[in-house]
Amino acid sequence: MNRHGLLLVIGCIAVVATAYGGGAASGKDAKDPIVIGTANSLTGVLAPFELAINNGMDIAADEINAAGGVKGRKIKIIHVDAKSDLNLSATAALDVIEKGAQIVVPICDADYGAPGARAANAKGILAITCAGAPGIGKQIIGPLTFNTYTGSPTESAIGAEFAFKTKGWRKAYFLCDRTLEYTKVVCEAFKTRWKGLGGKVVGEDTFLQADVSIAAQVTRLVNSPKPDFVMLGSYPGGSPAIKQIRAAYDGPLMLSAAYSGTFWLKPTPHLSNVWVPAVGSSYGDDPRPKVNAFFAKYKKKTGAAALVDSYPLLGYSLVQSLAKAIEIAGTTDGKQLAKALETFRDVQLLAGPTTYTKTCHVPVKRSLLMIRYDDGKPRSTGRFVRPEKVPPYPC
């Protein structure tokens with residue numbers, strides 16, 4: 001073979017190796033920043049959650065960059081506002097990719113985040129966010145989508161097991177918000193695990209987040225056989241549900257993890273006898289010193305205490321997981337990052353031990369911390385619950 005032919009063969013091998021992620025990262029990869037683009041909500045009803053996610057991401061990136069970056073590459077985070085609008089989810093993802101994002105963080109919700117994840121995946125870019133309902137993961141969206149949250153079936157199993165085993169409750173009443181897939185799944189998964197434990201359902205009802213009143217539902221609750229607790233499967237989006245429930249019922253109230261935090265307490269400032277599962281506590285009483293130290297940094301960076309508990313931790317852990325995956329893969333290529341994440345086995349992230357597999361891109365076995373609210377003040381119970389059994393989850 002002549003010299004020209006040899007060079008041509010070598011060049012072809014190099015192109016193939018690059019296309020399939022083989023060999024070392026390219027020179028561009030080796031020196032340019034790692035650009036993570038959020039296509040989530042800087043404004044709108046979801047902003048309190050997603051600004052907290054972004055703040056957590058920023059803290060993680062600052063720490064990693066101060067330590068030298070990932071294989072010498074600094075992390076850069078850029079943002080495009082999806083405005084809590086389902087119709088802007090994909091547009092925001094494409095916009096942030098156009099601005100240079102190599103990894104996309106869509107809206108933290110299965111309904112609202114799915115279009116953004118699909119748009120990123122269609123361009124071979126990894127999408128990772130947090131969502132409760134089974135809409136952010138491999139089986140529904142595709143092999144380049146990952147969820148950093150444990151998912152609402154796990155969340156609900158934890159709530160049901162805590163109610164049945166720790167509190168000793170046996171009779172439940174369900175009030176289920178039918179607005180989002182998240183709230184639907186929270187209720188159905190809780191009910192499935194509750195019945196599996198031997199718990200009794202003494203009544204159930206539904207409402208929508210946009211309902212200006214749920215007086216009829218509250219009347220039916222009051223007239224039902226007395227429950228040991230009420231499970232409210234909803235989220236703090238402006239509904240008067242909690243205020244109206246508390247006006248007629250003062251028994252134990254179990255809320256979904258979307259309520260972890262304090263920003264929604266203004267209409268019910270002295271709320272008591274309430275339990276919420278959370279990724280962690282922002283009140284200085286989390287059993288893990290690293291979490292307490294993180295929230296101290298959060299307050300220093302943002303100038304205020306966190307108003308939500310779970311979401312800053314999920315944002316921080318999202319960047320932690322990406323940094324580790326890039327160290328393993330040596331690139332930000334979507335397929336190679338996905339393969340790297342699939343090797344995670346109880347990887348220690350701030351949110352807790354995290355496992356992904358080739359068939360499941362959701363850390364479904366992670367524990368959650370139970371938070372109790374009394375007189376409007378949330379406090380850690382100090383009790384983590386790891387689910388013994390999780391209802392079926394298409395992850």
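Here's a quick briefing on the fold, the surface and the disulfides of this chain. Keep in mind that this is a predicted model. The chain's secondary structure comes to twelve helices and 14 strands. Its radius of gyration is 22 Å, close to the 21 Å from the globule rule for 395 residues, so the chain is as compact as a globular protein of that length.

**Overall build**
- Along its principal axes, the C-alpha trace spans about 90 × 40 × 35 Å.
- Some 56% of the 395 residues count as buried.
- Among contacts with a separation of 6 or more, 66% come from residues 24 or more positions apart.

**Disulfides**
- Searching the whole structure turns up two disulfides.
- One joins Cys 108 to Cys 130, with the sulfur atoms 2.0 Å apart; at -125° about the S-S bond, this link is left-handed.
- Cys 108 is in the loop between strand 3 (103-106) and helix 5 (110-122), while Cys 130 is in the loop between strand 4 (126-129) and strand 5 (145-147), so the pair ties together parts 22 residues apart in sequence. Both Cys 108 and Cys 130 are buried.
- Cys 176 and Cys 187 make up another disulfide, their sulfur atoms 2.2 Å apart. The torsion about its S-S bond is about -100°, so this one is left-handed.
- Here Cys 176 belongs to strand 6 (residues 171-177) and Cys 187 to helix 7 (residues 181-197), eleven residues apart.
- Cys 176 counts as buried at 3% relative accessibility, and Cys 187 is buried with a relative accessible area of 0%.

Methods:
Residues are numbered from 1 along each chain as its sequence is written. This is a predicted model: local features need pLDDT of at least 70, side-chain atom pairs count only at pLDDT 80 or more; totals for chains, interfaces and linings use all residues. Side-chain values use heavy atoms; hydrogens and water are left out. Helices (H or I, at least four residues) and strands (E, at least two) are DSSP runs, numbered from the N terminus. The radius of gyration is taken over C-alpha atoms; the globule rule is 2.2 Å times the number of residues to the power 0.38. Buried means under 20% relative accessible area, exposed over 50%, partly exposed in between (1.4 Å probe, protein chains only). Contact means heavy atoms within 4.5 Å. A disulfide is a pair of cysteine sulfur atoms within 2.5 Å.
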